[in-house]
Amino acid sequence: MAAINRDDVAHLARLAHIEMSAQELDRMAGELAVIVDSVKSVSQAAGDDVPATSHPIPLRNVFRDDVVGHTFTAEQALSGAPDSEDNRFKVPAILDEA
Amino acid sequence: MTETNELIRLSAAALAEKLAAGEVTSVEATQAYLDRIAEVDGGERGINAFLHVNAEEALAVAAEVDAIRAAGGAEAEALHVLAGVPIAVKDLIVTIGQPTTAGSKILEGWHSPYDATVVERLRAAKMPILGKTNLDEFAMGSSTEHSAYGPTRNPWDLDRIPGGSGGGSAAAVAAFEAPLALGTDTGGSIRQPGAVTGTVGVKPTYGSVSRYGAIAMASSLDQIGPVSRTVLDSALLHQVIGGHDPRDSTSLPDPLADLVAAAKTGNVEGLRIGIIKELHGEGYQAGVENRFRDALELLKEAGAEIVEVSCPNFQYALGAYYLIMPSEASSNLAKFDGVRYGLRVLPEEGAMTIERVMGATRAAGFGDEVKRRIILGTYALSAGYYDAYYGSAQKVRTLVQRDFEAAFTVADVLISPTAPTTAFPLGEKLDDPLAMYLNDVATIPANLAGIPGLSLPGGLADEDGLPVGIQLLAPAKEDARLYRVGAVLESLLEAKWGGPLLQSAPDLAAAVAGPVETLVGSQEAK
């Protein structure tokens with residue numbers, strides 16, 4: 001597996017929506033390289049015949065009856081929002097040119 | 001010792017008995033704990049186990065229980081056995097009427113519009129909630145030093161870590177600031193703090209306690225569980241919070257076994273207890289290994305059969321965990337984006353778009369460890385790496401499960417030290433994430449496999465006089481076995497010590513009020 005470098009971290013930080021300073025990128029790249037190196041043996045542990053486990057105790061088709069249960073009022077749902085208007089979450093422009 | 005001092009040192013079971021007998025009121029007990037919190041939790045050298053103290057509501061619930069008891073009749077008869085017994089709740093679990101921060105700046109001041117299922121069940125049992133306890137930010141850490149609100153101190157030595165992520169809950173119980181607490185355990189966050197603070201902590205079978213209302217870190221690993229000073233107390237609390245919840249789609253439909261009865265079984269004769277070859281010896285502190293050996297000896301004398309098992313794939317467990325957990329965390333924490341709740345930070349310059357607001361909000365709101373894990377998880381899930389990292393880690397999960405299955409064909413319960421070392425000094429591992437991760441080496445396999453685990457005090461290490469934890473593991477849905485063996489081992493150990501381990505902890509009130517020594521700069525280091 002490839003090692004993780006500073007450009008990778010910058011790209012990943014953009015994907016994860018976390019702004020990082022140049023200093024932070026340098027430090028994070030060093031730390032993550034060590035961590036990634038320490039976990040690489042995992043990829044050699046199991047052969048192709050071993051199935052993956054996503055949940056330790058799988059349950060299948062967990063449904064409930066199709067009836068309206070408890071719902072929040074708009075006021076409750078918006079109670080922790082940084083900004084709202086007309087019973088809606090208010091966000092900054094979603095397009096660059098705004 | 002004053003009366004208050006005796007009251008706060010009672011086990012939850014003993015307090016419940018006194019409440020039922022009318023020897024003490026819930027208001028007296030709740031106030032005694034609030035006084036203790038005021039005495040030892042704040043200030044420069046305080047324990048800092050609590051992020052929020054919920055005095056008014058707790059006393060109101062206590063008064064309600066007292067009134068019902070005083071009135072007598074059917075309502076008093078119907079009171080839950082733990083009614084009036086106070087409890088602290090890890091601040092990862094949402095509560096109406098109190099802030100929930102998850103130890104993060106990004107949720108500072110946020111109030112949940114709903115209660116977690118476990119909190120609803122505490123309220124139904126009429127247990128006064130004393131407040132919310134400190135944790136590593138979003139439960140990511142093994143020392144509680146990654147809290148945005150300062151580290152919690154270990155009641156045994158104020159310059160040492162109380163474990164993590166549930167250091168607040170464990171320290172609160174160890175410092176007699178609460179008789180019971182709730183924790184959450186994703187890779188050991190209930191059990192490892194229990195080990196290093198000389199308390200009991202249980203990670204139930206995955207899905208046996210509802211996760212509804214626990215802020216998710218890694219959904220396939222997270223589990224809420226009890227924190228206490230005795231095995232029986234954990235069983236009592238487990239019984240309150242456990243059982244099916246239709247609001248959690250991973251909640252098991254199985255009815256809960258009688259865990260309290262299991263804790264009262266009183267014998268281990270003929271039980272096969274398996275030592276896991278890979279989880280002791282090399283890499284474990286000598287004093288930890290010695291106390292582990294003592295525990296085995298006692299169990300053997302009590303009639304248990306000690307066998308050795310090997311779990312060869314555990315060598316990959318830590319690596320697999322540090323791929324699966326960050327992957328799930330990076331996805332779960334995407335919702336903290338400055339739109340629906342919590343912090344919103346505007347970029348200092350340039351275009352004011354939602355993307356840039358998210359980037360600035362998450363940069364300011366998350367601490368270093370959370371950022372590290374989000375980036376690591378984003379990496380492990382990214383195109384081209386998914387199979388090699390996340391996919392391989394999921395296969396290791398299967399191998400770990402198979403190791404446990406094989407082990408449980410020859411043993412009824414497995415045993416190991418809970419953590420490789422006793423509590424380390426604050427600040428020691430803060431700049432070395434990998435060293436910090438190694439604390440969880442013995443606890444992680446249970447989370448990967450979904451099986452239950454219990455940590456109880458095994459004594460003090462010879463070299464540093466600090467608590468050592470003994471971990472018991474049982475097959476999925478066999479949590480009762482942990483309580484049976486745990487309670488027997490606890491009573492054998494206490495007979496040997498002449499009382500509970502916590503009675504040999506230092507006088508906290510004096511230590512907290514004592515002179516400020518050189519403070520380890522763990523907060524500054526952030």
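These legends accompany several close-up views of a predicted model with chains A and B. Because the model is predicted, local features need pLDDT of at least 70 and side-chain atom pairs count only at pLDDT 80 or more, while totals for chains, interfaces and linings use all residues. Residues are numbered from 1 along each chain as its sequence is written, and chains are lettered from A in the order in which they are written.

**View 1. Chain B as a whole.** Chain B contains 20 helices and 11 strands, where helices (H or I, at least four residues) and strands (E, at least two) are DSSP runs numbered from the N terminus. The radius of gyration of chain B, taken over C-alpha atoms, is 22 Å, close to the 24 Å that the globule rule (2.2 Å times the number of residues to the power 0.38) gives for 526 residues, so chain B is as compact as a globular protein of that length.

**View 2. The open sheet of chain B.** In chain B, 11 strands form an open sheet in the order β1-β3-β2-β4-β6-β5-β10-β11-β9-β7-β8, with mixed pairing; two strands pair if DSSP finds at least two bridges between them. Strands β1 (50-53) and β8 (305-309) of chain B stand at the edges with a single partner strand each, so one side of each has no neighbour in the sheet. Within this chain, β7 (residues 272-276) and β9 (residues 413-417) pair in the parallel sense over three bridges, and B:Ile273 has B:Val413 in β9(B) as its bridge partner.

**View 3. The side of chain B that touches chain A.** Here 59 residues of chain B are in contact with 48 residues of chain A, contact meaning that C-beta atoms, placed from the backbone, lie within 7 Å. Among the elements that give two or more residues to this side of chain B are α12 (317-332) and α15 (387-410), and the largest share, 11 residues, comes from α15(B).

**View 4. The loop between β3 and α7 of chain B.** B:Phe138 lies in this loop and has a phi near 50°, a positive value in a residue other than glycine. B:Phe138 is buried, with 30 other C-beta atoms within 10 Å. B:Ser165 is found in the loop between β3 (129-133) and α7 (167-174) as well, and a cis peptide bond with omega of about 10° joins B:Gly164 and B:Ser165.

Notes. Two residues are in contact if their C-beta atoms, placed from the backbone, lie within 7 Å. A residue is buried if 20 or more other C-beta atoms lie within 10 Å of its own, exposed if 12 or fewer, and partly exposed in between; C-beta atoms are placed from the backbone.
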